[in-house]
Amino acid sequence: MGAAERLPGLENVRERIRKAEQEAGRPADSVQLVAVSKQQPESRVLAALESGQRVFGENRVQEARERWLHRRADWPGLELHLVGPLQGNKVRQAVEMFDCIQSLDRPKLAARIAAAIRATGRKPKLLVQINTGEEPQKSGVPPGEADAFIDACQRENGLQIDGLMSIPPIGEEPSLHFGLLAKIARGKSLACMSMGMSDDFECAIAFGATHVRVGSAVFGSRSPSG
Ligand SMILES: *Cc1c(COP(=O)(O)O)cnc(C)c1O
């Protein structure tokens, strides 16, 4: 059954990304689609793999391990991104399994990631999450502390920071947040910007997103038990 499932959302999102790149005057394929597969049924994930999708995002280390660890050998080119918060006690597992960690947001985590990189010899790409809306319940570095935090990651922990990630507040105009993230990234000469989800990825592309994290528009709505 899994092999037969079609994923019209994936084709649709790919097409919309192409169009948004064009409209922004950006080269084709300058934006990477991170298909966020959290809480999606296996049949849809398999359909995405069979349609050539290789870059996936997950928000929980444990769920990602169960879904992806056994798949690595069968699907060469697989690239896994952690897009959810990372707890200190999961850092080692995260460094072992992910190719990109998008949620670096505190000094202690930076130190633990540096230690795990030394211990495992694996070196995932690292994005610093910025809380552009300064929402108290949301993780991420406040914009005013971003430069100092990025400097400290590099100087004190020897980490290479590849870019930034943000999740704009629900119900706010996202362009202000995308613009702010782009400004911080430019100031620090960081190449990667992970911004834009199902409802606003075209806007994020106009503001320079290099990675868009799209879940429901690709796979359909999530079922927590799925
Ligand atoms: C779930 C999630 C997404 C995808 O959300 P959709 O609205 O389904 O596209 C993107 N980024 C993060 C951090 C997420 O947790």
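Me: Which of Phe-56 and Trp-68 are buried?
Reply: Both are buried (under 20% relative accessible area; over 50% is exposed and in between is partly exposed, with a 1.4 Å probe and protein chains only). This is a predicted model, where local features need pLDDT of at least 70, side-chain atom pairs count only at pLDDT 80 or more, and totals for chains, interfaces and linings use all residues. Residues are numbered from 1 along each chain as its sequence is written, and side-chain values use heavy atoms, without hydrogens and water.

Me: How many aromatic pairs does a search of the whole structure find?
Reply: Rings of Phe, Tyr and Trp (its six-membered ring) pair if their centres lie within 6.5 Å. Planes under 30 degrees apart are stacked, over 60 edge-to-face, and the rest tilted. The search of the whole structure finds one pair. The ring centres of Phe-56 and Trp-68 are 4.6 Å apart and the planes stand at 35 degrees, so this pair is tilted.

Me: Which elements hold Phe-56 and Trp-68?
Reply: Helices (H or I, at least four residues) and strands (E, at least two) are DSSP runs, numbered from the N terminus. Phe-56 lies in strand S2 (residues 55–58) and Trp-68 in helix H3 (residues 61–68), so the pair ties together parts 12 residues apart in sequence.

Me: What sits over the ring of Trp-68?
Reply: A charge counts if NZ of Lys or CZ of Arg is within 6 Å of the ring centre and within 35 degrees of the ring normal. Here the charged end of Arg-71 sits over the Trp-68 ring, 5.8 Å from its centre.

Me: Which strand does S3 pair with, and in what sense?
Reply: Two strands pair if DSSP finds at least two bridges between them. Strand S3 (residues 79–82) pairs with S4 in the parallel sense, over two bridges. His-81 stands opposite Cys-100 in S4.

Me: How many residues of strand S4 are buried?
Reply: Five of the five residues of S4 (residues 100–104) are buried, so the strand is largely enclosed by the rest of the structure. Leu-104 lies in this strand. Leu-104 has a relative accessible area of 0%.
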